[in-house]
Amino acid sequence: GQIALEIGDYGMAMFASAEQSYMGYSIGRPLAELEREIATYRAEIMKMGKPIQLHYFCQMEQFLHNLIYPIDKPCRLVGEFYDEDKEMAFHLADNDKNALFSLNHFKLILNYSFGHFEEALYCAQKNRELMGRVTGWYGVVGFYFYEALACCAMLVKTGESKRQVELLAQVNENISMIKQWSTHEPLNHEN
């Protein structure tokens, strides 16, 4: 992000900051600390008038808010910082696959975290449809991880053997992908 700032590419600097925040979540940084950091980034973006990058921070900020504070519907990104019902139309109109992917990804994590495993798999399926159209987002690895976790959780809940076979196959495929990445880029994916 720093190099992008130095050469005046504010859009890339903001995208890099969003990536840094997501990676902070992925490695277990305290949620309240990340929430403060995201709020600072959001304020800076608003000063620069870069609305296309702003929604990435708003999604992340709403995601963190839903994890930290008790709300009625924690699996929906609707609240003080982001409203998926309103923003979805803009993402679709702009053909912003990254925004759609990150929205579904955060919902996948929230649904898994709050025990709504079938809904988590629904969000994963929506992201599978976007896979290949998403560019350079670190969360793609996290997608495979959380989809595998949701599949494992559903393995326990479902009594249907055909469904169990499908879920287990998906888990194995995802683990294989993560292992492949950890072999080729161990510093990024070994932990």
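How many residues does the largest nonpolar core have, and which of them have the most contacts inside it? Let us walk there step by step.

What you see is a predicted model, where local features need pLDDT of at least 70, side-chain atom pairs count only at pLDDT 80 or more, and totals for chains, interfaces and linings use all residues. Residues are numbered from 1 along each chain as its sequence is written, and side-chain values use heavy atoms, with hydrogens and water left out.

Start with the overall plan. The protein has ten helices and zero strands; here helices (H or I, at least four residues) and strands (E, at least two) are DSSP runs, numbered from the N terminus. Of its 191 residues, 44% count as buried. Buried means under 20% relative accessible area, exposed over 50%, and partly exposed in between, with a 1.4 Å probe and protein chains only. A contact means heavy atoms within 4.5 Å. Among contacts with a separation of 6 or more, residues 24 or more positions apart account for 58%.

Now back to the opening question. The largest nonpolar core has 46 residues, and Tyr-25 and Phe-63 have the most contacts inside it. The elements that give two or more residues to this core are α2 (10–26), α3 (31–48), α4 (51–68), α6, α7 (117–130), α8 (139–157) and α9 (161–184). A nonpolar core is a set of buried Ala, Val, Leu, Ile, Met, Phe, Trp, Tyr and Cys residues joined through side-chain atoms within 4.5 Å. In soluble globular proteins, nonpolar side chains tend to be buried together. Take a look at Phe-63: not counting residues up to four places away in sequence, Phe-63 touches Tyr-25, Leu-77, Phe-106, Ile-109 and Leu-110.

Next, find Leu-108 in helix α6 (residues 97–113). Leu-108 counts as buried because its relative accessibility is 0%. Leaving aside neighbours within four places in sequence, Leu-108 is in contact with Ala-120, Cys-123, Ala-124, Phe-143, Tyr-146 and Glu-147. Leu-121 is 13 residues from Leu-108 along the chain, and their C-alpha atoms are separated by 7.1 Å.

Is Glu-147 buried or exposed? Its relative accessibility is 5%, so Glu-147 counts as buried. Beyond neighbours within four places in sequence, the contacts of Glu-147 are Leu-108, Leu-121, Ala-124, Arg-128, Gln-170 and Asn-174.

Let us see how whole helices meet. α6 and α8 pack at an angle of about 35°, with their axes 10 Å apart. Axes are lines fitted to C-alpha atoms, for helices over the stretch in contact, and angles run from 0 to 180 degrees between N-to-C directions. Residues making this contact include Leu-108 of α6 and Glu-147 of α8. By class, the contact has ten nonpolar, three polar and one charged residues. Ala, Val, Leu, Ile, Met, Phe, Trp, Tyr, Cys and Pro count as nonpolar, Asp, Glu, Lys and Arg as charged, and the others, Gly among them, as polar.

For α7 and α8, the angle is about 140° and the axes lie 9 Å apart. These two helices are therefore oblique to each other; angles under 35 degrees count as roughly parallel, over 145 as roughly antiparallel, 65 to 115 as roughly perpendicular and the rest as oblique.
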